[in-house]
Amino acid sequence: MINQRQVVDFALQRRALLAEVRSGRVGSYEACDASPYLLRAAKFHGRDGELPCPICRQEPLTLVSWVYGDELKHVAGSARTPEELARMAGLFAEFTVYDVEVCRACHWNHLVRSYVLGTGEPAGPRRTAGR
């Protein structure tokens, strides 16, 4: 079981953006702007969501989890599967996960939630070149 902390849900922001698109104040081309890197991450690291795309309704959304944190070093800023997140949660003291929903058909994407994972224990003393 992964212990999520400091969870932030972006459902209200998502709902507001979809209302803007449906009213015509925001064009779908502005909301459907997933980068090729995000689309590739969705293909290889994403997991199937339960909801259809709110824009095109052609296929279910894909959820992609991105990890960031000082302790992660070169892994920071990469997409990870749920299995990798569970393993990382036991290895690192603290890192932030951002879950993004992506439609691989129309390129809709939106930040769904963010949360902190990790052991919660402070990392050991940092060594410098002088010590």
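A residue counts as buried here when its relative accessible area is under 20%, as exposed when that area is over 50%, and as partly exposed in between. By this criterion aspartate 99 is buried, because its relative accessible area is 1%. The model in which this residue is described is predicted.

## Overall architecture

The protein contains 4 helices and 6 strands. Read from the N terminus, these elements follow the order β-α-α-α-β-β-β-α-β-β. The C-alpha trace extends over about 60 × 30 × 25 Å along its principal axes. Of the 131 residues, 38% count as buried. The accessible surface amounts to about 8,300 Å², and carbon and sulfur atoms contribute 52% of that area. Among contacts with a separation of 6 or more, 60% are made by residues 24 or more positions apart.

## The surroundings of aspartate 99

Aspartate 99 belongs to strand S5. When its neighbours within four places in sequence are set aside, aspartate 99 is in contact with Arg47, Val64, Ser65, His110, Leu111, Val112, Arg113 and Tyr115. With one of these residues, serine 65, aspartate 99 forms a polar contact between side chains at 2.6 Å.

Aspartate 99 also takes part in a salt bridge with arginine 47, with an N to O distance of 3.8 Å. The two partners come from distant parts of the chain, since aspartate 99 is in strand S5 and arginine 47 is in strand S2 (residues 47-52), 52 residues apart. Arginine 47 has a relative accessible area of 26% and is therefore partly exposed. Salt bridges with shared partners join Arg47, Asp99 and Arg113 into one network.

## Salt bridges

In general, side chains of opposite charge can pair when their charged atoms come close. The structure holds 5 salt bridges. Three of them, including the one just described, are listed below.

| Partners | N to O distance |
|---|---|
| Arginine 14 and glutamate 101 | 2.4 Å |
| Glutamate 84 and arginine 80 | 3.3 Å |
| Aspartate 99 and arginine 47 | 3.8 Å |

The side chains of arginine 14 and glutamate 101 meet in a salt bridge. Arginine 14 lies in helix H1 (residues 11-23) and glutamate 101 in strand S5, so this pair ties together parts that are 87 residues apart in sequence. Both arginine 14 and glutamate 101 are buried.

In the salt bridge between glutamate 84 and arginine 80, arginine 80 has a relative accessible area of 18% and thus counts as buried.

## Aromatic pairs

The structure holds 3 aromatic pairs. In one of them, the ring centres of tyrosine 37 and tryptophan 66 are 5.5 Å apart and the ring planes stand at 40°, so the pair is classed as tilted. Tyrosine 37 lies in helix H3 (residues 36-45) and tryptophan 66 in strand S3, so the pair ties together parts that are 29 residues apart in sequence. Tyrosine 37 counts as partly exposed because its relative accessibility is 48%, whereas tryptophan 66, with a relative accessible area of 8%, is buried.

Another pair consists of tyrosine 68 and tyrosine 98; their ring centres are 5.7 Å apart and their planes are at 70°, so the arrangement is edge-to-face. This pair likewise links distant parts of the chain, with tyrosine 68 in strand S3 and tyrosine 98 in strand S5, 30 residues apart. Tyrosine 68 is partly exposed, as its relative accessible area is 39%. Tyrosine 98 is also partly exposed, at 31% relative accessibility.

Helix H4 comprises residues 82-91, and its buried residues are Leu85, Met88 and Ala89. Viewed down the axis of H4, these buried residues fall within an arc of 105°, so they line one face of the helix. Glu83, Gly90 and Leu91, on the other side of H4, are exposed.

The cover over the buried residues of H4 includes strand S3 (60-68), strand S4 (78-80), strand S5 (95-102) and strand S6 (109-117).

Key. Residues numbered from 1 in each chain as written. Predicted model: local features only at pLDDT ≥ 70, side-chain atom pairs only at ≥ 80, totals over all residues. Heavy atoms only, no water. Buried < 20%, exposed > 50% of the residue type's maximum accessible area, 1.4 Å probe, protein only. Helix = DSSP H or I, 4+ residues; strand = E, 2+ residues; numbered from the N terminus. Arc of directions from axis to C-beta. Contact = heavy atoms within 4.5 Å. Phe/Tyr/Trp six-rings, centres within 6.5 Å; stacked < 30°, edge-to-face > 60°. Salt bridge = Lys/Arg side-chain N within 4 Å of Asp/Glu carboxyl O. Polar contact = N/O pair within 3.5 Å; in protein donor to acceptor, adjacent residues only side chain to side chain. Areas by Shrake-Rupley, 256 points an atom, 1.4 Å probe, with all protein chains shown as cover.
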